[in-house]
Amino acid sequence: MPEHNDMTFVRELTQKIAGITSQQMHAHYHMYFDETNNFKRVKINENRQIIRTLNIDNIREHFILGGIATKDDEKPISLEELKNIVNIHQKNIKEIKSANIYKGDFLNILKSKKLTPILNFLYDKHWFIHFSDVNLLYYSIVDIVDSLLFNSIYSQYIWNPEIFFGVKNEFYRIFNYQLSENLAKLFQFEYPDVKKEHLHEFKMFILEMTIKYYRAGHSFNHFTELLIKVLEDSMSHQRDLVFVQDEQKGILIDDFIHFYTTRLCSLEKSNLTLDNEGDIVTYLQANPLYMDQKQLLNYQFVDSKSNTFIQLSDILVGIISRYLIFADAELTKLYNKLESLDEYSLGNLCLLNDILLYSEAENKLFFNQIERVEVIHNFWNIVNKYNNKN
């Protein structure tokens, strides 16, 4: 058995870090998955014409792996039934995709007349929404904060979640302020393979970026103060940045496979059905997963055209991705936008949030977010404020 594919540690980490109970961990569901924004490999590149690179056009995207879950082993509804639900009757449509239901950003999605019957259908069935979320920008740059804290006199703060994730959240806000310019700088430094002889210059870039952000009038807080102290400590002692040196030049995310394998192992007691994603299938065939020294066999891959549950999952992950992009702003501004929704859009929002609420009450394991804390906070605040119980 390949030792590196013994994934038993995932269960232990999930319970310790996420606070998942043993009962939640061992609950049994039938879960269906699709994905959005799987860029295969994420790299910095100045040429926007090169496909699947991280640049100013897609940097705010979220990789979402998720969909619907049921308690019982229910047969997927037929394609004709799904077409009737959303009032689509073209004979040449072989599967329902998110593009058949909605277009545009989150607020435009809420206007969709075809979305309402789907949400009503899920709610009446009491099916659950689940998702794993990776904020691509956040995931790509937080190694800078990890490196600074890990190798400093302030390393004890790594074990304080409020401070550790607070500093990461603040760093994201700073970097996002002049995003295009800062991405170009990372490209110049060949991030995440910053050469030792360029470390001081790289740290100066981070410091100057931070100063520029606050000179523009943004509020200064104790997370900022700690970030600057850590930077000063690193510069004065010429410390290495262990997680952004000796890596592949320009490669921010080498692949998305570990997001799949972690999800499969954290849901080991459920039956999982995933869309037939070629590179993931090939990897798992060559590298089977093990839990407690037994091969994990709780998953299967199917063609989405043959499974309407996967098609419903495609619709949902697209909505969640845009929901999280929407939530990446100041909460008061978000509330102002939501307060101006027309009655129909508000109804869709409340219905979606109703499903998210009973899903979260059912099992916290349904949600996994590699995301800055402010977005998580905003997302769940909106879910709890705009629903049919309030």
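User: What share of the accessible surface of the protein chain belongs to carbon and sulfur atoms?

Analyst: In this predicted model, the accessible surface of the protein chain comes to about 18300 Å², and carbon and sulfur atoms hold 49% of that area.

User: Why is Asn 378 called buried?

Analyst: A residue is called buried when its relative accessible area is under 20%. Asn 378 has a relative accessibility of 2%, and therefore it counts as buried. The residue sits in helix H16, which runs over residues 373-385, and buried residues as a group make up 55% of the 390 residues in the protein chain.

User: What makes the pair of Asn 378 and Ala 327 a polar contact?

Analyst: A polar contact needs a pair of N or O atoms within 3.5 Å, one able to donate a hydrogen and the other to accept it. Here a polar atom of the Asn 378 side chain lies 2.9 Å from the backbone oxygen of Ala 327, so the distance falls within that cut-off. Leaving aside residues up to four places away in sequence, Asn 378 also touches Ala 329, Leu 331 and Leu 334.

User: Is Met 235 buried or exposed, and how do you know?

Analyst: Met 235 has a relative accessible area of 14%, and because buried means under 20%, the residue is buried. Met 235 belongs to helix H10, residues 222-236, and touches His 200, Lys 203, Met 204 and Leu 207 when residues up to four places away in sequence are not counted. From Met 235 to Leu 148 the C-alpha distance is 9.9 Å, although the two are 87 residues apart in sequence.

User: Why does Ser 98 count as buried?

Analyst: The relative accessibility of Ser 98 is 18%, and since the cut-off for buried is under 20%, Ser 98 counts as buried. Ser 98 lies in the loop between helix H3 (79-86) and helix H4 (106-109), where it touches Asp 314 and Ile 315, again not counting residues up to four places away in sequence.

Definitions and conventions. Residues numbered from 1 in each chain as written. Predicted model: local features only at pLDDT ≥ 70, side-chain atom pairs only at ≥ 80, totals over all residues. Heavy atoms only, no water. Buried < 20%, exposed > 50% of the residue type's maximum accessible area, 1.4 Å probe, protein only. Areas by Shrake-Rupley, 256 points an atom, 1.4 Å probe, with all protein chains shown as cover. Helix = DSSP H or I, 4+ residues; strand = E, 2+ residues; numbered from the N terminus. Contact = heavy atoms within 4.5 Å.
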